[in-house]
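Have the sequence and the 3D view open side by side while reading.

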Amino acid sequence: MAAGTKAAGGPDPAGTTSAGDGYFDAASAEPLHPSARDVLLDALDNGWADPARLHREARRAQLMLNQARESVAAELGCWPDELSFTSSGTQAVHLAVLGAVQARQSASRGPGHLVASAVEHSAVLNAADWLHQRTGAAVTVTGVNSLGRADVAEFAAAAGRDRTLLACLQSANHEVGTIQPVAEAADACARARVPLLVDAGASAGRLPVPAGWSLLTASARKWGGPAGVGILAVRRTTRWRDPFPPDDREGRRVPGFPNVPEILAAAASLTAMSKERGAMDGALRALIARIRATVPDRVPDAVVHGDPDARLPHIVTFSCLYVDGEALVTELDRAGFSVSSGSACVADTRQPSHVLAAMGALTHGNVRVSLPRAASDSAVTEFLDALPPIVARIRETVRAATPRRSEALPEETP
Amino acid sequence: MTPSHRPALTLDALGKKCPVPIIMLADRIREVPIGQTIEVLADDPAAKTDVPAWCTLKSQEFVGANDRPVGWSFLIRRSY
């Protein structure tokens, strides 16, 4: 990236955030939307009181919280009383999974059964595994095709099994952007009378929420709201029981004092993103299409993942064979481009990306590019120019450090 | 392992993190005759996905994987 375009983290001339032109990690955190920032500053002054009290400051905070709830509920397509604000998307997912399952578990009929696609966010898979460990609930993880799209027939068959208490399918995948067949999964779940959790974390604010969910979760920082606001929506007709000690807040679903200023900012950002979606969607979609077409053309042995058409407008992941993902992220950062990677050597664990593994795709040397709403054509052009020499340089370094002639081992005795 | 699956060459990538096992495989598969197999020993969990994915990308035949006391043994047949 040209010198000076990413000026030492200072505010950009538009006066909003410190994101540089090469910030391509919107799927981790979209820079705060300017309208959210204005609302946040106002709400810090006016919405700080405890909305559960009866005095005037409390009533003002309560009013603001109600407005935010109505506005987010309208955007996501639910009733305000179905929607609770949580402290993160992960907390929303944990509450959704635990509360829906525990409402339907019974001592006499056993711990039951859950279904989740193999490419769900780790919050979903970890919550399911936690229930398995603690309550003995069986968990069926269903497969995806090579594009990362859930196998609906397998998902429906698993949901139809006896004593299935919950099925979980994301709206779209957070790593490769593939849109999931939620409508078909919802039909199957309705037939089997199984509640469906749709984790809309990757798509909320970018695409309309698909119909057919029983429980819905999302995270505000991915649509340009502040960190620390998640969404949990539970249909009036869906049974849910608080899995934690009781608390009166947020429809008795979420413990603790809600963060009114940040919730207001999250609501303002969602409204703004939704209004801008028409113009933004096409522009981002075209930039991602260019990355998808150009990377394999310019970088030898690079593979682009996910569905080329049925995808989120702003996300793409590709893998470069023989490249260490950590080195790639570090070198791109040095060149002014902020991206993420699901390679095992970059993540906290040694396990490779469970999404790419489920797709049977290469798990090393991968880069997720996720464009923020303000991504420019020229920044993407610069990225596509910078990438090939960086990959070539890393390949040289890695190959030089690789043993060329390992000794052939003696054969094992059978 | 059946006799027809006895590898013509075994590469020891134990203790090496991806992508090193794949680089070793790509470098040395041409040392075995077409139709013969090469074995890769590795213990990085990423290899479980990456060896078959490499075979698909490079149109080589992934024969299978076997658990070992440490890591896995992957068998690949050179197809061209």
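How many helices and strands does chain B have? Chain B has two helices and four strands, where helices (H or I, at least four residues) and strands (E, at least two) are DSSP runs numbered from the N terminus. This is a predicted model, in which local features need pLDDT of at least 70 and side-chain atom pairs count only at pLDDT 80 or more, while totals for chains, interfaces and linings use all residues. Residues are numbered from 1 along each chain as its sequence is written, and chains are lettered from A and ligands numbered from 1 in the order in which they are written.

Along the sequence, the elements of chain B come in the pattern β-α-β-α-β-β. Taken along the principal axes, its C-alpha atoms fill a box of roughly 30 × 25 × 20 Å. Of the 80 residues in chain B, 44% are buried. A residue is buried if 20 or more other C-beta atoms lie within 10 Å of its own, exposed if 12 or fewer, and partly exposed in between, with C-beta atoms placed from the backbone. One local detail is found in the loop between S1 and H1 of chain B, where B:Pro19 sits: a cis peptide bond joins B:Cys18 and B:Pro19, with omega about 15 degrees.

Chain A comes next. It has eleven helices and ten strands. Its radius of gyration is 23 Å, close to the 22 Å that the globule rule gives for 414 residues, so chain A is as compact as a globular protein of that length. The C-alpha trace of chain A spans about 70 × 65 × 30 Å along its principal axes, and 50% of its 414 residues count as buried. Among contacts in chain A with a separation of 6 or more, 69% are between residues 24 or more positions apart; two residues are in contact if their C-beta atoms, placed from the backbone, lie within 7 Å.

Chain A is divided into domain 1 (34–270) and domain 2 (276–399), with bounds that come from an automatic or database domain assignment. The centres of the two domains, taken over C-alpha atoms, are separated by 28 Å. The contact between them takes 20 residues from domain 1 and 20 residues from domain 2. On the side of domain 1 that touches domain 2 there are nine nonpolar, eight polar and three charged residues. In this classing, Ala, Val, Leu, Ile, Met, Phe, Trp, Tyr, Cys and Pro count as nonpolar, Asp, Glu, Lys and Arg as charged, and the others, Gly among them, as polar.

What lies inside? The largest nonpolar core has 146 residues, and those with the most contacts inside it are A:Val97, A:Phe155, A:Leu166, A:Ala167 and A:Leu264. Such a core is a set of buried Ala, Val, Leu, Ile, Met, Phe, Trp, Tyr and Cys residues joined through C-beta atoms within 7 Å. Helix H8 (residues 260–298) of chain A gives the most to this core, with 14 residues, and the core draws at least three residues from each of domain 1 and domain 2 of chain A. Leaving aside neighbours within four places in sequence, A:Leu166 has contacts that include A:Val97, A:Leu114 and A:Val194.

A:Phe155 belongs to the buried residues of helix H5 (residues 152–159) of chain A, together with A:Ala156, A:Ala158 and A:Ala159. Seen down the axis of H5(A), these buried residues fall within an arc of 160 degrees, so they line one face of the helix; the arc is that of the directions from the helix axis to the C-beta atoms. They pack against strands S2 (113–117), S3 (138–142) and S4 (164–168) and helix H6 (182–192) of chain A.

Finally, the two chains meet: 21 residues of chain B are in contact with 27 residues of chain A. Strand S1 (9–13), helix H1 (20–28) and helix H2 (46–57) of chain B each supply at least two residues of the side that touches chain A. By class, that side of chain B has 15 nonpolar, two polar and four charged residues.

Definitions and conventions:
Rg over C-alpha atoms; globule rule 2.2 N^0.38 Å.
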